[in-house]
Amino acid sequence: MGIEMNTRSFSRRIAAGCVAGIAALTLSAPSAIAQQASTTAAGTYRAPKTPDGRPDLQGYWTNLTYTPFERPKELAGKALYTDREAVEAFDKAVKDTFTTDQLVHYVQSDFAATPVQSGAKPNLNTSLVIEPADGRIPAFTPEAQKRVAAQRAAEKARGSLPLTWRDDRGTQWCVFHDRAVPAIPAPYGSIFHIVQSKDFIVMTYEWNTERRVIPLDGRPHNPASVRTYAGDARGRWEGDTLVVETTNFTPKRDFFGSEGTFTLVERFTRVSEDSISHTLTITDPTTWVSPWTLALPLHRTQGPMLEYACNENNMDAFTVLKNARAEERGELAAPDAMKRGDAKAVIKDASDKGAAEVIGAVD
């Protein structure tokens with residue numbers, strides 16, 4: 001493992017040194033974007049097939065992206081960039097990545113795991129959320145509003161740090177990392193290894209080394225009483241598209257306000273040698289007033305996946321504990337759980353205001 005990590009680290013450091021060149025090369029991307037869109041629309045691309053005649057989805061892929069999750073307010077009413085605008089937004093994000101202090105995270109300098117180094121490409125969509133049309137997550141139902149308010153009050157009363165793994169919602173004690181299923185882009189660890197056979201698809205995620213074994217043989221879902229963090233996935237082929245429906249998430253999940261009561265439907269379509277179209281539709285009538293859909297392309301990247309370090313050997317764990325003590329002393333406000341734990345933003349804001357000293361910060 002050590003040799004693999006060092007080799008990949010070295011190769012990615014080379015990529016880091018070439019970032020300026022990569023960003024400059026993206027100026028030729030409009031034609032590539034248009035060509036890919038035209039090819040996909042015309043249906044001229046033919047994916048390689050497995051021995052059983054299905055599209056071959058195997059390999060290492062990444063969903064890292066610079067596209068914002070929800071559409072920024074300044075882009076309201078604008079669902080798509082032009083080719084040129086997409087490249088300009090991409091280049092700006094690349095530049096910002098390499099001029100922003102990483103604070104705690106070591107992945108940029110050690111493993112060069114930023115989106116551009118991992119294979120991200122310009123995106124015509126102005127947000128990952130493509131439905132509803134405004135590019136934002138739908139409103140909560142009245143029931144969900146009350147539930148989320150009560151949850152926030154409870155977290156404020158007891159503190160944001162789970163005391164044991166039993167009261168953790170999956171992430172901080174490394175029980176399960178909820179950026180794997182559904183696959184929401186993380187700051188790093190967003191590489192997927194897909195292995196395929198006639199009756200099963202296996203997806204292994206770099207983030208906490210989560211695994212999904214997805215049957216393709218038509219078996220029914222498990223009973224609703226059997227609920228897990230990753231849910232119960234069943235796959236089927238619709239033409240050349242793999243459709244995966246996942247249910248039975250544990251109530252311990254907190255996915256944007258849904259406590260595991262959502263249904264996830266994913267579609268994977270190979271659209272080029274280096275890209276898979278990946279959409280995710282989330283439905284939960286007890287939480288949102290309507291379903292919503294993400295478009296989250298997968299792009300081919302270099303393997304192997306790195307070993308995931310969680311509480312052990314991870315400076316973030318020390319920062320979480322330090323910030324928790326600062327919360328208890330009333331020196332630091334608890335992070336907003338509904339912002340999905342952008343720890344870097346919380347830590348940086350606290351550091352800028354002098355409310356917490358960041359471990360590993362450069363003097």
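How exposed is Glu-273, given as a relative accessible area? In this predicted model, Glu-273 has a relative accessible area of 44% and is therefore partly exposed. The protein contains nine helices and 11 strands, and 46% of its 363 residues are buried.

**Overall fold**
- Of the contacts between residues at least 6 apart in sequence, 64% join residues at least 24 apart.

- In soluble globular proteins, nonpolar side chains tend to be buried together.
- The largest nonpolar core here comprises 37 residues, and those with the most contacts inside it are Leu-242, Ile-282, Trp-292 and Leu-294.
- Two or more residues of this core come from each of strand 3 (191-196), strand 4 (200-205), strand 6 (232-238), strand 7 (241-247), strand 8 (263-272), strand 9 (275-283) and strand 10 (292-295).
- Beyond residues up to four places away in sequence, Leu-242 touches several others, among them Leu-57, Ile-201, Met-203, Leu-216, Trp-237 and Phe-268.
- The residues touched by Leu-242 also include Arg-236, Glu-266 and Arg-267.

**Salt bridges**
- The whole structure holds 14 salt bridges.
- Glu-273 forms one with Arg-270, at 3.8 Å from N to O; Arg-270 is buried because its relative accessible area of 8% is under the 20% cut-off.
- Arg-300 and Asp-274 form another, at 3.5 Å from N to O.
- This pair links distant parts of the chain, with Arg-300 in strand 11 and Asp-274 in the loop between strand 8 and strand 9, 26 residues apart.
- Arg-300 is partly exposed at 32% relative accessible area, and Asp-274 is partly exposed at 40%.

**Surroundings of Thr-301**
- Thr-301 is located in the loop between strand 11 (298-300) and helix 8 (315-328).
- Its relative accessibility is 14%, so Thr-301 counts as buried.
- Apart from neighbours within four places in sequence, Thr-301 is in contact with Tyr-60, Trp-61, Thr-62, Ser-118 and Ile-191.
- The C-alpha atoms of Thr-301 and Asn-63 are 9.7 Å apart, although 238 residues separate the two along the chain.

Notes
Residues numbered from 1 in each chain as written. Predicted model: local features only at pLDDT ≥ 70, side-chain atom pairs only at ≥ 80, totals over all residues. Heavy atoms only, no water. Helix = DSSP H or I, 4+ residues; strand = E, 2+ residues; numbered from the N terminus. Buried < 20%, exposed > 50% of the residue type's maximum accessible area, 1.4 Å probe, protein only. Contact = heavy atoms within 4.5 Å. Core = buried A, V, L, I, M, F, W, Y, C linked by side-chain atoms within 4.5 Å. Salt bridge = Lys/Arg side-chain N within 4 Å of Asp/Glu carboxyl O.
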